[in-house]
Amino acid sequence: MKFVRFALAGGLLIAATSAIAQDRPQVDAARIDATMRAMFSRVSPEWQARAQLDDTQRACTERRNQVSAAEADAIQARERATVVLPPDGNFLGDWRKGFQVANNGRGGQFSDPAGTIAGGNCFACHQMDPKEVSYGTLGPSLAAYGRDRNYDPELIRDAYIKIYNSQAAVACSNMPRFGAMKVLTIDQIKDVLAYLFDRQSPVNQ
Ligand code: HEC
């Protein structure tokens, strides 16, 4: 569209070339920052802090998620250092509660009543229980996740780390860092892990 508009208006090759270069939106990054800060100017300091990019978000944003291998290693190491493993050494909670966590998209909103329990909203991005017909596809299907992995304890631990901090596993992941960003508690992560790995869970039927 831009190409056509420029070509008609100018009729010059140079205009057409610059139109192609403009395919990416040309918005001043400083202006975006200022607008974002203004939107957050009247909220609590805790919410203002949420508008600040941390080092990982900044690296991924600046590189449009195309970080070098060295940057990816640095991100994964930094994010891995945030992961708190379950103090009792037990990774699996209650799969029934895990379903509630996976199916709950509440939390982290201005309008939340005090004491709202946040969910993981996993179904927004993943298939889990194969009988559930409503799910998103941004992430891979997790149907039969535990069964396909022979309920291997090593892989249960890996999945815990992935859910606690997705970027410890994949730099610039599109999956939220649930534990590190305090969206989910350790117990909620254990429950959702049981939903993926318990032999009785509908995910593995
Ligand atoms: C906003 C989308 C999004 C949400 C919400 C989300 N994920 Fe993910 N998830 C992804 C994407 C994208 C990947 C694949 C890329 C990656 O690994 O980062 C992924 C990968 C995974 C993997 C690794 C899969 C493999 O290849 O072995 C697991 C396990 C997982 N997610 C579990 C969860 C759980 C549990 C929740 C809810 C607590 C959740 N995800 C919520 C997007 C999401």
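**Notebook: helix packing and the iron site**

I looked up H7 and H11 first: their axes cross at roughly 105 degrees and come within 7 Å. The model I am reading is predicted.

I then listed the residues that meet. On the H7 side I noted Trp95, Lys97, Gly98, Phe99, Val101 and Ala102, and on the H11 side Gln188, Asp191, Val192, Ala194 and Tyr195. Sorted by type, the residues of this contact of H7 with H11 give 7 nonpolar, 2 polar and 2 charged.

Next entry: the iron atom of the ligand. Which residues coordinate the iron atom of the ligand? I found His126 through NE2 and Met175 through SD, at 2.0 to 2.2 Å. Around the iron atom of the ligand I noted 6 donor atoms subtending angles of 85 to 178 degrees, which makes the arrangement octahedral. I traced His126 to the loop between H7 (95–103) and H8 (145–148), and Met175 to the loop between H10 (166–169) and H11 (186–197), so the pair ties together parts that are 49 residues apart in sequence.

Last entry: H5 and H6. I have H5 as residues 55–62 and H6 as residues 69–80, packed at an angle of about 155 degrees with their axes 10 Å apart. Angles over 145 degrees count as roughly antiparallel, so H5 is roughly antiparallel to H6. I recorded the crossing of H5 past H6 as left-handed. Asp55, Thr56, Ala59 and Cys60 of H5 make the contact with Ile75, Arg78 and Glu79 of H6. I divided the residues of the contact of H5 with H6 into 3 nonpolar, 1 polar and 3 charged.

Definitions and conventions
Residues are numbered from 1 along each chain as its sequence is written. This is a predicted model: local features need pLDDT of at least 70, side-chain atom pairs count only at pLDDT 80 or more; totals for chains, interfaces and linings use all residues. Side-chain values use heavy atoms; hydrogens and water are left out. Axes are lines fitted to C-alpha atoms, for helices over the stretch in contact, and angles run from 0 to 180 degrees between N-to-C directions. Helices (H or I, at least four residues) and strands (E, at least two) are DSSP runs, numbered from the N terminus. Angles under 35 degrees count as roughly parallel, over 145 as roughly antiparallel, 65 to 115 as roughly perpendicular and the rest as oblique. A crossing is left-handed if the near helix is turned anticlockwise from the far one by less than a right angle, and right-handed if clockwise. Contact means heavy atoms within 4.5 Å. Ala, Val, Leu, Ile, Met, Phe, Trp, Tyr, Cys and Pro count as nonpolar, Asp, Glu, Lys and Arg as charged, and the others, Gly among them, as polar. Donors are N, O and S atoms within 2.8 Å of the metal (3.2 Å for Na, K and Ca); water is not among the atoms, so sites may look incomplete. Four donors count as tetrahedral if all angles lie between 85 and 135 degrees; four count as square planar and six as octahedral if opposite donors are over 155 degrees apart and all others between 65 and 115; anything else is irregular.
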